Amino acid sequence: DVRACIVTCGGLCPGLNTVIKEIVCGLNFMYGVTEVIGVDCGFRGFYSRNTVSLTPKSVSDIHKRGGTILGTSRGGHDTSKIVDNIQDREINQVYIIGGDGTQKGASAIYKEIRRRGLKVAVAGIPKTIDNDIPVIDKSFGFDTAVEEAQRAINAAHVEATSVENGIGLVKLMGRYSGFIAMYATLASRDVDCCLIPESPFYLEGKGGLYEYIAKRLRENGHMVIVIAEGAGQDLVAESTEQEDASGNKLLKDVGLW
């Protein structure tokens, strides 16, 4: 009697299609669920886009592709419209794949479903390439992100060593959590300085970043700096209160700085 649906929201992350495939195949082969619907392009797809039918056959090779076959977007969350659509389609299991903002939306959907007295289960699947959702030790896609980051670090190291006083600067994802930058630094062994949001730093004076850079260049003649995108925001011009469609604060570009 189950009719399930799956939606992917927010930014892309390695492994999204694998998660979609395993939900569809798990529901079908383990529980006999024959009706699984894919919601197109994030939360707004519940009320503004068509849905697609997902079967073990249609998802058999999607794990080999990048991105998400369902499409994704930020924002578009209208709790009432989403629950109306869930009710109209007689859906009774909702699988929501997304980060912290998406899970807040999933919580709002769950509360509205309870308020209406509907018999619908809502399952939130944490998707965060930054690994910044506390209830899980490590999110899917994180290992792939760390592995790919090392390629950039290796390239930066090669170029930095090829010129006098060369500095390779690699900016990695990490709005409030520096896990990718830290793990990639530990795995690489070519990084001289790793800057992450969790550890404040200053530029000038004794013990400052500039002093350390000068010291390393005198000693080695080159260096590699890895910085998470959210690090040093207090040092980059004026702060901004603007937000993206998901409600995340827009950060200044530390790469330009």
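**Entry 1: what I am looking at**

I note that this is a predicted model, in which local features need pLDDT of at least 70 and side-chain atom pairs count only at pLDDT 80 or more, while totals for chains, interfaces and linings use all residues. Residues are numbered from 1 along each chain as its sequence is written, and side-chain values use heavy atoms, with hydrogens and water left out.

I looked up the secondary structure of the protein chain and found 7 helices and 8 strands; helices (H or I, at least four residues) and strands (E, at least two) are DSSP runs, numbered from the N terminus. The C-alpha trace spans about 70 × 40 × 30 Å along its principal axes. Of the 257 residues, 44% count as buried, where buried means under 20% relative accessible area, exposed means over 50%, and partly exposed lies in between (1.4 Å probe, protein chains only).

I then looked up the domains and found domain 1 (4-126) and domain 2 (142-228), with bounds that come from an automatic or database domain assignment. The centres of domain 1 and domain 2, taken over C-alpha atoms, are separated by 38 Å.

**Entry 2: the sheet of five strands**

I traced an open sheet of 5 strands in the order S3-S2-S1-S4-S5, and its pairing is mixed; two strands pair if DSSP finds at least two bridges between them. Strand S3 (51-54) and strand S5 (121-126) stand at the edges with a single partner strand each, so one side of each has no neighbour in the sheet. The twist from one strand to the next averages 25°, where axes are lines fitted to C-alpha atoms, for helices over the stretch in contact, and angles run from 0 to 180 degrees between N-to-C directions.

Strand S4 (residues 93-98) is joined to S5 by 6 bridges, and these two run parallel; I noted that Gly98 has Pro126 in S5 as its bridge partner. Helix H1 (residues 16-31) packs on the sheet, touching strand S1 (3-8), strand S2 (35-39), S3, S4 and S5, and its direction makes about 165° with that of S4; contact here means heavy atoms within 4.5 Å.

**Entry 3: helix H1**

I checked the length of H1, and its 16 residues should span 22 Å at 1.5 Å a residue, which agrees with the 22 Å between its end C-alpha atoms; the expected span is 1.5 Å times one less than the number of residues. Several residues of H1 are buried, including Leu16, Val19, Ile20, Ile23, Val24 and Leu27, and what covers the buried residues of H1 includes S1, S2, S3, S4 and S5. Just after H1, Gly32 takes a positive phi of about 70°.

Is Glu112 buried or exposed? I found Glu112 in helix H4 (residues 100-116), where it is buried, with a relative accessible area of 14%. Leaving aside neighbours within four places in sequence, Glu112 is in contact with Thr79 and Val83.

Asp84 sits in helix H3 (residues 79-88) and is partly exposed, with a relative accessible area of 32%. Its C-alpha atom is 9.0 Å from that of Phe46, although Asp84 and Phe46 are 38 residues apart along the chain.

**Entry 4: the sheet of three strands**

I went back to S7 and S8, which belong to an open sheet of 3 strands in the order S6-S8-S7, with parallel pairing. The edge strands, strand S6 (166-172) and strand S7 (193-195), each pair on one side only. Across this sheet, neighbouring strands are turned by 15° against each other on average, direction ignored.

Leu195 stands opposite Ile227 in S8. Helix H5 (residues 142-160) packs on this sheet and touches S6 and S8, its direction making about 165° with that of S6.

S6 and S8 are joined by 7 bridges, and Gly166 has His222 in S8 as its bridge partner.
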